[in-house]
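Me: I'd like to learn how to read a protein model. Could you walk me through it?

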Amino acid sequence: MGIKLNILNQLLFLVILSANENSEVDYNRDIRPIISQKCFKCHGLDDSHRKGKLRLDDRSHALKGGKSGSPAIISGKPESSELYLRIISSNESEQMPPPASKISLTTEEKTKIKKWIESGANYETHWAFRSLAKPIIPKIIDNTWPANEIDSFVLSKLETNNRKPSPAADKYSLIRRVYLDLLGYPPTPLEVDSFINDKRADAYGKLVDGLLQSEHYGERWARKWMDLARYADTNGYEKDRYRSIWPWRDWLIKAINSDMPFNDFTIKQLAGDLLSNPSSDDIIATGFHRNTMLNEEGGIDPLEYRYLAMVDRVATTGVTWLGLTYGCAQCHTHKYDPITQKDYFGLMAFMNNTSEIDYDIPSVSITEKRNLIKTQSAKLKSQLLDVFLKTYKVEDSKNKSAFVDQKIESWIEKKRKLTNNWTIINPIRMKSNLPKLSLQNDGIILVSGDITKQDFYEISFKTDLKNISAIRLEALPDENLPGGGPGLAYYEGPKGDFFLSNFELEDQQGKKKFSDARESYFKNNFGGNPSSAKQAIDDDLQTGWSCAARYGERHEAIFIIDSKTELSSEFKIKMTFGRHYACSLGKFRISVSQDHYGLPSNFDEDIQKLLFKPVSKMNSSEKERLIDAFLFDSPELKADVDKIKQLNQSIPALEKTLVFKEREPSNKRITYLHNRGEYLQPTEEILADTPSFLPKIPQGVTKDRLAFAKWVASEQNPLTARVFVNRNWHTFFGRGFVKTTEDFGIQGDFPSHPELLDWLSNYFVDNNWSMKKLHRLIVTSSTYKQSSLILDGIDKDNALLARGPRVRLEAEMIRDSVLRSCGLLSTKIGGPSVYPPQPKGVTSEGTYGGLNWKSSNGEDRFRRAIYTFSKRTAPYAMFSTFDAPSGESCLARREASNTPLQALTLLNDIVIMEAAQGFAKTITTNQKTLDENLHLVFRSILTRPASNEELTLLRYFYTTTLIQLKQNPEALVKITGSVQDKSIEQTAWVLMVRSLLNLDEALVKR
């Protein structure tokens, strides 16, 4: 029996071989998918996992063979080729793929490989990696159908397959389709009537042009890009705290509305900060890669998660612009695509030399408010002296000056007794474990670069000053530090926080003792323990000095040297920082004094110096500053000074957003190749470079992030335009030319229309990378305008494009369509994210970083879905139900599910109920007849008019519902949402609207 079956199998193989021997075999279309799927894992580019030293992804290696010594392929001779003999072998010890792998080749696949070897076993560059050449528009039989070049390619393919395009869609279907595609919501009945009644030949073209100019076009297409950018309003992970990134979202909408060329669009997002004289918008654009999640969980290593953020950025860049699974090469050379592990880290090196900062967005309105308050504050400040004099009833102008001088002299004498005479000293050497210490003017030390959970600074000094008895540490603010400084804390802890856990003094004789320590201010951000300067000299790393809650201010600590201690002329200070989050000091200065008695001062260094300068030797500016300090310190003026302080505290902050900033060349971050991709296993240093299988950056160009961005968006890069065009086609038709929109690599699908894809990609580039021109070409094609009805049941996937698109609406489009159909959708553009209603507990019960979701009121309650606050660990419930992403990772293609929960949501969700209630109120007050209102509801939701049969069903539904409600009056309040309004008619309309919103036709673009 076994012998008979074997003979039958061989005969069947010969029959199939005979049937296929006249068909041409294309390497990219027919052979590469087979050997990449079933051979490359063991015989591909990755030499660390290669079996038998045989490599099949390259022709020269395949002809040479593996360790057996026999050529894997002998051109023209399959029966002598080891590759072919192994795949047809029935001997399990020789058969390839090995039976244990559970991978096998079909008879048809074996036939194709045999024929390929017979024809010469030619290898070709993978189709996606070829240079972008413009194909010739094919000749077709039916020249009457094409509206533009797209149709010629599509019709040629249909004619080759003996197929015909579908009839054109009716005008109602077409306007609904194009509104949903270009604006993301359906047209109103008035907009529909305007189009239907427009009898001009170019009516549809005019409609499209109007939609492309709408400011809501940017909102619809920005949402698609936000999936790639993994946009969310929170950081993710365990804490999942708020982040301000919505200005990037608004920049995105504005860029798309302005039809920014896609190459500029790309460059600005990858390296806008490196452009010559970058604008505020250019800097905001770099927020694309700041959308990466940020882990603030206690116990994590911030540098490890910065590395993991870079891993995410590499993978996101690969998917977004190159259409490649670049992330697969993090741990080893890619199993299928020609991406080595060095290629992976070479790409990472382009983006690795960045600082992740909070950027203050310039604002004319906020600046005006700030200037107004500053003017008011200055006016009050200028009046302090008069108020002071009036308090003492000094009115004679001759006596005023003498009186003030006398008071200031007395005040100076008092303050001088409490203040040390400090001498600023400059370091002769500085070092740290990782952060970079840079000496600025006037002894100020600025810290930059990466920080850890336990940083140490060691600063050496040399001075001729004798009998030093006290050392002062000034913690200084700086607008470029997180939170304005003085600390460098940027995650988990408050931005600008620091924690000095140890302050040590050492000279050539050894460590010196401190007898006391004092500070101008202290507060502990974490825990109930105090955090005074004394705790920085107790040799306990768990305690220390901190200045929580007063960030962006100057603070000082004074360390008193033991009186028995004599300090050498050369000494060093060691400072240790850290707790469960990184919180080192970002800007500081060291001073020394021979005085023991001084107390820390809230006055800045300049005022403290003036205290030791005779008033008679001060210039007018110095005297004016001292008078201001005196007045602000006067108990008699406390109430007036408090008003000024309160006014200054009311100065509005500029809106912030997350952006990139390139690190200075002198502190460039080094990128390493990591063994197995592990953070803790760095090996060799890797320089920035593009993947070896793609065109290189021109010689002589500095390989930085800007050069990389320009390379990504260049015409020489064969992937970027193809990937973008394919992704847009997928949005319109529900299927890309390449079905695997996220993978243009060897494992991805072969294009259904490769010539059309390349032609459109060339068109896109030739037309200044214009997305609007690309979209116009697509939606005005006869291909797009076909009816979406499936007439013959063949090609249900519509790979041949023999009909129009039929696609379930995305989650955000469903909500926007509901609100617009019911007349509630807000047209407001931009601004901070809002909180539309959703079921209680979604963001607070059983979630990390619980958020009390307080629903927005007024217009914000009905804003477009793109403005809905997105919490990564608990996304907006309705969107999750309809397959929207969480923003945790880059997503190039959404899957569409069909679940009972979706139907329940469309009946009972708060948004649906409120929309139906709002529409019902409109209907019951518009003085129209029943049939007029039935037509209005039907057309508002489904666009087209109801047929007579449908109108009869609607009347029946309405009248029977009225009868049921009269018999069940307690349902009225529950449905209408109002205790006062118990209208039976209104309740019936609510039920009518909910039912129509739940129809398949309302949820599908067709």
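Predicted model: local features only at pLDDT ≥ 70, side-chain atom pairs only at ≥ 80, totals over all residues.

Me: Okay, how many residues of the lining of the second largest pocket are nonpolar, polar and charged?

Reply: That lining has 16 charged, 10 nonpolar and 5 polar residues. The second largest pocket holds about 760 Å³ of space, and 31 residues line it. Nearest its centre you'll find G734, R806, V807, R808 and A896.

Me: Which helix gives the most to the lining of the second largest pocket?

Reply: That's α24, with 3 residues. Other elements supply at least two residues each, including α11 (216–229) and β18 (1004–1005).

Me: Now a single residue. Is T905 buried or exposed?

Reply: Buried means under 20% relative accessible area. T905 comes in at 9%, so it counts as buried. You'll find T905 in helix α29 (residues 900–908), and its side chain reaches the backbone oxygen of L901 at 2.8 Å. Leaving aside neighbours within four places in sequence, T905 touches M878, T881, F882 and I912.

Me: How far apart are E413 and F612 in sequence and in space?

Reply: They are 199 residues apart in sequence, and their C-alpha atoms are 9.1 Å apart in space.

How values were computed. Residues numbered from 1 in each chain as written. Heavy atoms only, no water. 1 Å grid on protein atoms, 1.4 Å probe; cavity = no way out; pocket = protein on both sides within 12 Å on 5 of 7 lines; lining within 4 Å. Points joined across faces, edges and corners; volume = space filled by probe spheres on them. Helix = DSSP H or I, 4+ residues; strand = E, 2+ residues; numbered from the N terminus. Nonpolar A, V, L, I, M, F, W, Y, C, P; charged D, E, K, R; others polar. Buried < 20%, exposed > 50% of the residue type's maximum accessible area, 1.4 Å probe, protein only. Polar contact = N/O pair within 3.5 Å; in protein donor to acceptor, adjacent residues only side chain to side chain. Contact = heavy atoms within 4.5 Å.
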